[in-house]
Amino acid sequence: MTGKAITVTSGKGGVGKTTVTANLGAALANFGHKVVCIDADIGLRNLDVVLGLENRIVYDLVDIVEGRCRLRQAMIRDKRLPELFLIPAAQTRDKSAISPSDMVTLADDLRAEFDYILFDSPAGIERGFRNAVAPADMVLVVTNPEVSAVRDADRIIGLVEAEEKGPARLVINRIKPEMVRRGDMLGVDDILELLAVQLVGLVPDDENVLLSTNRGLPVVLDGKSKAGLAFRNIARRVMGEEVPFMHFDETGGFLNRITRLIRPGGN
Amino acid sequence: MSSKIQIKGIRDGLLITLGDGTWEEQHQELITQLRSQAGFLQGARLAIDVGGSILKAADLGQLTRELSEAGFTLFALISESPTTERSAQSFGLATRLPKPGAARTVAGSTEPDGEPALLVSRTLRSGYNLQYQGHVVVIGDVNPGAQVIARGDVIVWGKLRGMVHAGAEGDEGAIVCALDLSPTQLRIASAIAVTPKRRGKPQPEMARLVKGQVVAEVWDPKRERL
């Protein structure tokens with residue numbers, strides 16, 4: 001059994017890399033896979049907070065790489081999902097504390113034991129990004145339906161190709177169905193036309209995500225949330241299932257299309 | 001050592017397969033054979049299969065000379081030996097015969113009144129910087145945030161949405177063509193233009209300088225060219 005290493009990255013900050021990593025990890029674990037999430041954002045760690053495991057950190061990623069602890073000692077098991085583990089980032093160091101080859105070695109050590117190894121990449125295209133991408137078998141690029149985030153995603157996809165980790169897969173996060181319906185938001189089709197990569201997830205903007213992040217309880221565990229369903233669907237696609245994409249009334253009903261046809265003229 | 005040579009017509013001429021033996025023996029046999037049938041084979045284009053023999057450049061030089069004196073053209077030399085293949089390639093000879101039905105092979109270059117260009121068959125994503133001392137042809141999109149800077153013309157078979165600078169060293173005759181010409185910024189020589197808001201669906205367009213102004217026109221196949 002060899003685990004699959006998946007890196008979640010974006011270029012632009014604040015688009016939801018950590019949320020995607022935490023929820024994808026939780027969803028995969030919920031489906032019965034053994035998962036470890038690794039926070040590669042050294043110096044600005046967040047994944048532990050989103051997963052609600054902050055108060056249990058003893059050792060971190062840099063301790064492993066520098067040999068101050070064994071791999072096992074740094075792994076924190078999630079009490080709600082016994083198949084989910086976290087390796088937190090160091091908060092008092094920076095990206096230069098580890099190298100891409102350290103990450104490759106780490107991933108190779110974990111492959112034997114885990115089904116999925118998720119890396120939460122920092123924003124940017126520098127050392128931290130290269131650390132996170134180096135061990136990847138699959139790269140998920142997260143973007144929002146806004147021009148600047150899509151521009152950065154395009155750059156990142158190019159860099160992922162240059163590192164021969166391509167083709168990257170795309171997750172579009174924080175889609176506001178209401179704005180898409182009004183034609184005020186960059187549509188999914190527009191984004192896909194520009195980026196020309198395979199889509200693995202459409203996540204609607206959902207207040208529950210913020211609530212669950214603050215509470216440290218992944219939104220996938222909330223059966224009623226739409227975003228939770230979207231994350232479960234991403235997990236199933238990552239597992240190789242064919243899952244149809246959610247509709248945000250984008251193509252809507254007949255009446256919707258008529259109103260959309262009329263509206264642009266009125267602006 | 002009676003004739004073990006086989007001669008067979010192929011699409012591009014005649015394929016002569018030599019029998020086993022050293023090159024000296026094969027060579028002798030070949031010359032004899034060609035002399036005896038000179039009238040019949042006159043002027044033919046020849047491909048010669050030498051089997052496993054090793055031919056050095058000098059041997060090949062002698063052979064091509066002899067053949068051309070006799071009125072033959074050697075266009076291919078087929079061999080199992082890599083050394084022979086290399087010598088053949090250094091003489092500009094083909095070392096493989098095109099498979100039946102395959103596209104024709106391009107024999108060298110005929111140098112028309114064209115200029116060489118750089119062909120890029122991929123999409124240029126944000127952050128990609130392509131600079132070339134000549135013309136550039138991109139088969140794919142040029143995304144926003146990517147830039148193409150060329151001394152000559154720029155042709156994009158796809159959507160041009162990044163920054164493009166044609167005639168970057170001052171050539172005011174340079175042009176920019178794209179299937180969807182909507183660059184963030186378009187420069188030709190020292191003129192700079194931005195894309196106006198598009199109405200309707202994209203059409204292939206060509207931009208060039210007219211009296212110092214960048215002018216983009218829809219590609220009209222019926223209109224007379226430049």
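A word on conventions before we start. Residues are numbered from 1 along each chain as its sequence is written, chains are lettered from A and ligands numbered from 1 in the order in which they are written, and side-chain values use heavy atoms, with hydrogens and water left out. Because the model is predicted, local features need pLDDT of at least 70 and side-chain atom pairs count only at pLDDT 80 or more, while totals for chains, interfaces and linings use all residues.

Let me begin with the aromatic rings. How many aromatic pairs does a search of the whole structure find? Over all chains there is one, where rings of Phe, Tyr and Trp (its six-membered ring) pair if their centres lie within 6.5 Å, and planes under 30 degrees apart count as stacked, over 60 as edge-to-face and the rest as tilted. The pair is A:Phe85 with A:Phe114, and it is edge-to-face because the planes stand at 80 degrees, with the ring centres 5.4 Å apart. A:Phe85 belongs to strand E4 (residues 84-87) of chain A and A:Phe114 to the loop between helix H5 (100-111) and strand E5 (116-120) of chain A, so the pair ties together parts that are 29 residues apart in sequence; helices (H or I, at least four residues) and strands (E, at least two) are DSSP runs, numbered from the N terminus. Both A:Phe85 and A:Phe114 are buried, a term for under 20% relative accessible area, with exposed meaning over 50% and partly exposed in between (1.4 Å probe, protein chains only).

A:Phe114 also has A:Lys34 over its face, at 5.1 Å from the ring centre; here a charge sits over a ring if NZ of Lys or CZ of Arg is within 6 Å of the ring centre and within 35 degrees of the ring normal. In chain B, the charged end of B:Arg45 sits over the ring of B:Phe75, 4.4 Å from its centre.

Now to two single residues, for which contact means heavy atoms within 4.5 Å. A:Ala107, in helix H5 of chain A, is buried with a relative accessible area of 0%, and, leaving aside neighbours within four places in sequence, A:Ala107 is in contact with A:Ile117, A:Phe119 and A:Pro135. A:Leu202 lies in strand E8 (residues 198-204) of chain A and is buried at 8% relative accessible area; beyond four places in sequence, A:Leu202 touches several residues, among them A:Ile172, A:Val188, A:Ala230 and A:Phe248.

Are the next two residues, A:Glu164 and B:Lys211, buried or exposed? A:Glu164, in the loop between H7 and strand E7 (169-175) of chain A, counts as exposed at 71% relative accessibility, and its phi is near 60 degrees, a positive value in a residue other than glycine. B:Lys211, in the loop between strand E14 (205-210) and strand E15 (213-218) of chain B, counts as exposed at 81% relative accessibility, and the phi of B:Lys211, also a residue other than glycine, has a positive value near 50 degrees.
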